[in-house]
Amino acid sequence: MAPSLEEWVADLASGHDARLTKAAVRQSAHGKGLFASEPVKRGDVVASVPKKLTLWVQEGNALALPGDGAWPRVRAGASAAAPDSGKGWEFILARAIVDAVAGDGGAFWEAYGGMMPGPETLAHPFLLSDAALRELQDDDMARRARDERELIKALMPDLTTPQHAMDDDPHVTVGAWALALVRSRAMRVGIGAHAVVPFLDCANHASVPSVDYRCDSVETPASSGLPPQASEATADVELVALTDADVGDELRLAYTKGRLTSTEHFEQYGFVPAGGSPADRVRGLPAVPRGTRAARLGRALRRAIGETLRGVWSEVEALETARSGSGGDALDARAVVVAAGASIAATLGDGDDVGRGSEEGGEDMTSSEDMTWEEESAHLEALRRAIADVEASFATTLEADEAAFGGARERGDERSTNVMHLRVCRKRLARRVREVLDGIELEES
C-alpha cells in the first residue's frame, strides 16, 4: 500500500534532518496545508527546517542552495551578461524552483519539487488568460498583468517553454509559473534575504495567524511575548505557535500582517484574504473641501460603523454551531465594515480625527471652518449618489458574483474561485459603504 501524503512527507522530512515535531502536511481546502499532529501550546516549536535545505537568495546575487544539485538554470541566469535586472532575487529563486522540479537541485529537492502546485491552481494575474483577465473586471490590473508577462519573457528568455499543464495557454511558461510560486511562497529570512523553506511553505494564510516563523534577524513579533530563537537553533528556520491548537487544527501564517489591499494581495499571492482586507477603499467618493471639517458627519459615521459592527457580531454568533464556526467569519465580516468606514472617513479630509466629539472621549472639534448642517447634509447626499453610481458601474451584480463564487468553489476550481472572490470582495465593500451611509442621520444642531 502506498503511503499517505502525511506519511510520505514525514519520512522525507526525517530523512533530511527536518523536524515536523507537532505539524503534519495534509490536503486542505487550498491544496496542501500544515495541521497540528499533536496538541499544541503557545510557544511550542511545531516544526524546524535546516537552512541547508532551503532555496536562499540574498539581494545583490549571493545565494545558498543545497550542494548536491547542479542548478544549471540558476547558474545560467546568474552568469548571463544581460539583462542585469534579471538577476534580482525573485528571478534567481524562480530559476531555482525550475531546477528543483526538473531534478537538477539534488536528491531532496528532486523529491520535494513534486509538492509544488501546478499552474492551473494559481491565479496570479500574469498567469491568467486574456479571457480570465477580463473576468477580473479590473482594466488596470489586466494592463499590469500583460506588462508583467512581457517582462518575464525578457528577463527569463530561456524559460519560455509553455508549462505542460497549460499547453493551451502559451503565456503560462515554466518561468512565469515558477515566479508565481516565488511570489506566493518565499519568506524573508534576514536583511535583504529571501528563501523558499520546504514544509513551512505549505502553511496557508490567515489574517489572524496561529503560527509564525523565526530565524536569523527575523523574530516573532515583540507583542507576542514569546522568547527569541535559542542560540543552538540558529541553523534552522523554526515555526512557533502563537496560540494553543488541538490535533487537526490548521496552522496558518499571516503572509502580509494586514498591510496589503485585496488587489495588492491578489497580485502578490494570487488570492484575496477571506472577506477582503481592512486596507481596502472604495475609490471615487467625493471629498469635503480642503480645510473644512465635517464634525456632525464624522460623529454620525462612527455611530453607524459601531452599530454595523455590533450587528455583524450578532449575526455570526447566532449562526455559530461548532467550535470552529464563528471566529474567522466574524473577523472577515469585521474587515469589510472597517474598510467601509475608512473609505468614507477618507473623504472627510481629516483622517482618524474627523468627528471625535466629547462622546468619543476626544476634543470637540467645532471651529469657524466647520461645515454648516446644510453643507454636511448635501455632502452626505453626494456620498450616497456616488456609491450608487459605483454599484451601477459594475458589470455584474454582487448576487451574481456570489453565485458564481459558490459554484467555482463547489467544482473545486481554485483559480476561478480566487478570481470570483476578488470581485465579490470589491462589491461587498461597496454594498457595506452604501449600508453605512444609509444608516447615517445627521443631528441638526
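I began with Lys22, which lies in the loop between α1 (5-14) and β1 (23-28). The model is predicted: local features need pLDDT of at least 70, side-chain atom pairs count only at pLDDT 80 or more, and totals for chains, interfaces and linings use all residues. Residues are numbered from 1 along each chain as its sequence is written, and side-chain values use heavy atoms, with hydrogens and water left out.

I looked up the accessibility of Lys22 and found this residue buried, at a relative accessible area of 18% (buried means under 20%, with a 1.4 Å probe and protein chains only). Beyond its neighbours within four places in sequence, Lys22 is in contact (heavy atoms within 4.5 Å) with residues including Phe35, Glu38, Asp44 and Leu251.

I then followed the strands (DSSP runs of E, at least two residues; helices are H or I, at least four). β1 pairs with β2 (residues 31-36) in the antiparallel sense over 6 bridges; pairing requires at least two DSSP bridges. The two strands form a hairpin with 2 residues between them, and Val25 stands opposite Leu34 in β2. β2 is also joined to β10 (residues 250-251) by 2 bridges, running antiparallel, and I noted Glu250 in β10 as the bridge partner of Phe35.

Finally, I examined helices α11 (residues 373-393) and α13 (residues 414-438), which pack at an angle of about 155°, with axes 10 Å apart. That makes α11 roughly antiparallel to α13 (the term applies to angles over 145 degrees). Among the residues that meet are Leu380 and Arg384 in α11, and Val433 and Arg434 in α13. I recorded the contact by class as 7 nonpolar, no polar and 5 charged residues.

Technical notes. Axes fitted to C-alpha atoms, helices over the stretch in contact; angles between N-to-C directions. Parallel < 35°, antiparallel > 145°, perpendicular 65-115°, else oblique. Nonpolar A, V, L, I, M, F, W, Y, C, P; charged D, E, K, R; others polar. Buried < 20%, exposed > 50% of the residue type's maximum accessible area, 1.4 Å probe, protein only.
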